[in-house]
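Please look through the structure shown here while reading the explanation that follows.

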Amino acid sequence: MVDLVYLRIYTTTVQSFMYQYDAIDQQLVEERVAQFRDQTRRYLNNELKEEEFLPLRLQNGLYVQRYAPMLRIAIPYGMVSSKQLRLLADITRRYDRGYGHFSTRQNLQLNWPKLEDVPDILEELATVEMHAVQTSGNCIRNTTTDQYSGVIADEVADPRPYCELIRQWSTFHPEFAFLPRKFKIAVCATESADRAAVQVHDIGLHLKKNDAGEIGFKVLVGGGLGRTPMIAETISDFIPRADLLTYLDAIIRVYNQHGRRDNKYKARIKILVKALGIEEFRKRVDAEWEHLRGTESTVPMSEFDRLASFFTEPEYEALEDQPAELTAKLAESNGFARWYERNTFDHKKPGYRIVTLSLKKPGQAPGDATADQMEKAANLADQYSFGELRVSHEQNLVLADVRQDQLIELWEAAKENGFATPTLGLLTDMICCPGGDYCGLANAKSIPIAEQIQQTFDNLDYLYDIGEVDLNISGCMNACGHHHVGNIGILGVDKKGEEFYQVSLGGASGHDASIGKILGPSFAQEQIGDVIQKIINVYVDSRTEEERFIDTFRRIGIKPFKEAAYAKAD
Amino acid sequence: MPKLIKNGEIVDNTYVWQQDADATATENAIVPMQKWLDNQETIGKVAGIWIDAGEGVEPLADVDLSQFDVIGVNFPSFMDGRGFSYARLLRERLNYDGEIRALGNFMADQQGYLIRCGVNSFEFAEDVNLDIALTLNKPFSVAYQGDVADPRPVFLRRG
């Protein structure tokens, strides 16, 4: 029934609320496909050396992994239309094994494509205004932002037009394609919460208004995870939006020239900022900016207007909050009430709600979605949310504009398709990298750890009682699973060829960002569920009524957790 | 005569890239920047200088660059992108309008970006087929950012 309804709606809905390519955008992605097709052909003909093809394929998101290549498809700032998602589903079916992995950079990773098929995949992506440009390599990566952009009440302004501006500026930037290391930018537009983790990015942009009411950005620099996790420092309290691109150029030009290139583990901008100190770094950036400020790259108001025109509001109906059927259902169904409480969020318009389709179903790798699920999610988007979705940094999908009087229907449909795990923000809503099951870099598997934790904490009442905990798992020091900023972080390490897991506590990625502290010696894989249980027990025993896990940790420190985790059984 | 690509054509390479600072500087030599700076009173006429990765263009701030026919930018590795900024700064900051030559271990596939940063000649390693390399120098016919050839970003060019 859902599918029939979708067909009717889909054929009559043509309006878009996302950025739309014009001839220039389309030409660029098509020329990129042709370029990569030729590079792949030359590589397969031995005309291009392995080491030369490496950076070229990485700049197109193509890794050669443990068992097969991995292709990372860009989903700029997490926005994807139902039409695009349907093609992605189709691609995973025809070129892969019928599933994909949504990443913390809001992208989609295919785990089993054939190298020689990648040009064809890219060509298909280009037909729906998609690509894999700069999803890897030592260049500026996909800019990320809040998955609730444009639909929450308290944002300073919709960050997506600025993300699109940054996307265009960073795409094929001639000067910054061979930086010392990868470069990640995130944008946040709310005071109440930072869902984009801007403080742990190479550049974090905090959209704000100055006292005169002008829009600009507080600019943070030098945050990052990986081997040496650091919280970013403020380089400027306010850069007017017109100057954003010249200021970014100035920062990255300083980094490109002075960032370390002798050791890849010390090559991120955070190491340069730390080595110079923020004062000296700022001085150098300002000196560079003096030359760039006011040049042609200054963004005119007409461009902000043009970009903003793509992210218009859909035609919301005049609705009332909390319609009677919703109130009744909340009272009557505990399952629905839980899902509503956890997986839906306040919308700026009365009568609407933001809904997260969870990709954290027990038994499924966190962030993974099957082709069927992608198609179902696309259908749900068409039926309930104006045909668009967002990928969240926590590896879930979001329907941003759902009518409250349709929530019950949507919940039923979400349940049918494995999207209704009502655990958003709870312990089992884990961030998890693909780990040693797929990734050539990983020291250890991460998916079985996620499974073990899901099994240990399979009681919903208990999970709700524990409350909000960010648990993040990375299979190696590269920290794709953001373990440093998990309230509980788990890191896979290699000990003489065996997989062990180091646990850290107290990390956070929001406005109160902090790097977790290592609990102590690492644990064997089979111990992890038990160890996390002991840690949670300490929290439950020590918490005050209003404290979340992170609050209790900050109050009592690591010691009691350490004692419990390493206590010998009597 | 060795060949190179200059302004989109395969031509004779009439200069000699002197990597060794102890080599005798000749009129057709591209000498190390630091050597030239240290000996500018005595070194006599040379074709130009070359900048190594890590040296930057700041030492040239007060030098009359118009005396050089060529300024080389060395790429110790094709992963080392410092030269992209150096070329751009030579053009946009120091207003050098002579030849900027990519030297060392860069790739044919990097020509498009290098050209946009102001490089206009490419001294490839001997094993590179220049006819093929020449086909790779303009992968894109449009660009989002301003560059050395056209400082206007796309938002000043969209119809």
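**Helices, sheets and contacts**

In chain A, the axes of helix 17 (residues 528-542) and helix 19 (residues 559-566) come within 9 Å of each other and cross at roughly 140°. Helices here (H or I, at least four residues) and strands (E, at least two) are DSSP runs, numbered from the N terminus. Axes are lines fitted to C-alpha atoms, for helices over the stretch in contact, and angles run from 0 to 180 degrees between N-to-C directions. The angle makes helix 17 of chain A oblique to helix 19 of chain A. In these terms, angles under 35 degrees count as roughly parallel, over 145 as roughly antiparallel, 65 to 115 as roughly perpendicular and the rest as oblique.

This is a predicted model, in which local features need pLDDT of at least 70 and side-chain atom pairs count only at pLDDT 80 or more, while totals for chains, interfaces and linings use all residues. Residues are numbered from 1 along each chain as its sequence is written, and chains are lettered from A and ligands numbered from 1 in the order in which they are written.

The crossing of helix 17 of chain A and helix 19 of chain A is right-handed. A crossing is left-handed if the near helix is turned anticlockwise from the far one by less than a right angle, and right-handed if clockwise. Which residues meet between helix 17 and helix 19 of chain A? From helix 17 of chain A come V531(A), K534(A), I535(A), N537(A), V538(A) and S542(A), and from helix 19 of chain A come P560(A), F561(A), A564(A) and A565(A). Two residues are in contact if their C-beta atoms, placed from the backbone, lie within 7 Å. By class, this contact of helix 17 with helix 19 of chain A has 7 nonpolar, 2 polar and 1 charged residues. Ala, Val, Leu, Ile, Met, Phe, Trp, Tyr, Cys and Pro count as nonpolar, Asp, Glu, Lys and Arg as charged, and the others, Gly among them, as polar.

Another pair in chain A is helix 4 (residues 82-95) and helix 13 (residues 371-384), whose axes come within 8 Å and cross at roughly 170°. Helix 4 and helix 13 of chain A are therefore roughly antiparallel to each other. Among the residues of helix 4 of chain A that meet helix 13 of chain A are L85(A), L88(A) and A89(A). The contact of helix 4 with helix 13 of chain A has 8 nonpolar, 2 polar and 4 charged residues.

Next come the sheets. In chain A, 5 strands form an open sheet in the order 6-7-8-9-10, with mixed pairing. Two strands pair if DSSP finds at least two bridges between them. Strand 6 (144-145) and strand 10 (233-240) of chain A are the edge strands of this sheet, each pairing on one side only. Strand 8 (residues 203-209) and strand 9 (residues 215-221) of chain A run antiparallel and are joined by 7 bridges. H206(A) has K218(A), in strand 9 of chain A, as its bridge partner. Helix 7 (residues 244-258) of chain A packs on the sheet and touches strand 8, strand 9 and strand 10 of chain A; the direction of helix 7 makes about 15° with that of strand 9 of chain A.

Helix 7 of chain A also meets helix 9 (residues 278-292) of chain A: their axes come within 8 Å and cross at roughly 130°. That makes helix 7 of chain A oblique to helix 9 of chain A. The crossing of helix 7 and helix 9 of chain A is right-handed.

A further open sheet in chain A has 5 strands in the order 3-14-15-12-11, and its pairing is antiparallel. Its edge strands are strand 3 (79-81) and strand 11 (344-346) of chain A. On average, neighbouring strands of this sheet are turned by 35° against each other, direction ignored.

Chain A is divided into domain 1 (151-308) and domain 2 (431-566), with bounds that come from an automatic or database domain assignment. The C-alpha centres of these domains of chain A lie 30 Å apart. In chain A, 10 residues of domain 1 are in contact with 11 residues of domain 2.

Finally, 31 residues of chain B are in contact with 32 residues of chain A. On the chain B side, helix 2 of chain B gives the most, with 4 residues.
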